[in-house]
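Here are a few friendly notes to read alongside the model.

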Amino acid sequence: MKKIAVFASGSGSNFQAIVDAIKEKKLNAEVSLLVCDKPGARVIERAEEAGVEYFTFFPKQYETKAEFETEILKRLRAKGIEFIVLAGYMRLIGGTLLADFEGRIVNIHPSLLPDFPGKDAIGQALEAQAGVSGVTVHYVDSGMDTGPVIAQKAVMIRKEDTIESLQQRIQQVEHELFPRVLEELFNQEKVGGVQS
């Protein structure tokens, strides 16, 4: 069973989908730690409800990213974390975490990368009048949503879509896709290496 840490900044709907998949025996993992950079975020309540330990921090209280990532790294090591899952974590991962967890950090993003990287991907897609958006699960590197793609699923954009309606359909896909892809990844690792 893979010991994972979930990093999140917001409501935590993907955190919840992962916790639920584990309960339903669809994902053979243990969420051993939640890391959150927004101490008032809804995801913390979800962690409390699920009995998951959490670490919250204010990035501005640290002089550098390396400083708070060193603090996070200590906690990851103390918990024996093997894999980091970014689920709505709105910060770029820096060199401190990448060095220790290279090839073992994945992110979920609400677009078909390389289209619409970064913040507000759903708003970007609507503004560009794109016909399709979707979901990408990818490995994390030092860039903004630039790591190798693991899986993607398209979501068609309707003429009448708002940010809210499109986000709702994209999140439905995320909640099904992310736990399934994580399970496949962890199984591949067992048999000798993840194919990216």
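1. Phenylalanine 57 is buried, at a relative accessible area of 3%. Buried here means under 20% relative accessible area, with exposed over 50% and partly exposed in between (1.4 Å probe, protein chains only).

2. A word on the basis: this is a predicted model, where local features need pLDDT of at least 70 and side-chain atom pairs count only at pLDDT 80 or more, while totals for chains, interfaces and linings use all residues. Residues are numbered from 1 along each chain as its sequence is written, and side-chain values use heavy atoms, leaving out hydrogens and water.

3. Searching the whole structure gives six aromatic pairs. Rings of Phe, Tyr and Trp (its six-membered ring) pair if their centres lie within 6.5 Å; planes under 30 degrees apart count as stacked, over 60 as edge-to-face and the rest as tilted. With ring centres 5.6 Å apart and planes at 15 degrees, phenylalanine 55 and phenylalanine 57 are therefore a stacked pair.

4. Phenylalanine 57 also pairs with phenylalanine 68: the centres are 5.0 Å apart and the planes at 35 degrees, so this pair is tilted. Phenylalanine 57 sits in the loop between strand 3 (54-56) and helix 3 (65-78) and phenylalanine 68 in helix 3, so the pair ties together parts 11 residues apart in sequence. Phenylalanine 68 is buried as well, with a relative accessible area of 6%.

5. Which residues do ring pairs link into a cluster? They are Phe55, Phe57, Tyr62 and Phe68.

6. Zooming out, 47% of the 196 residues of the protein count as buried.

Terms used
Helix = DSSP H or I, 4+ residues; strand = E, 2+ residues; numbered from the N terminus.
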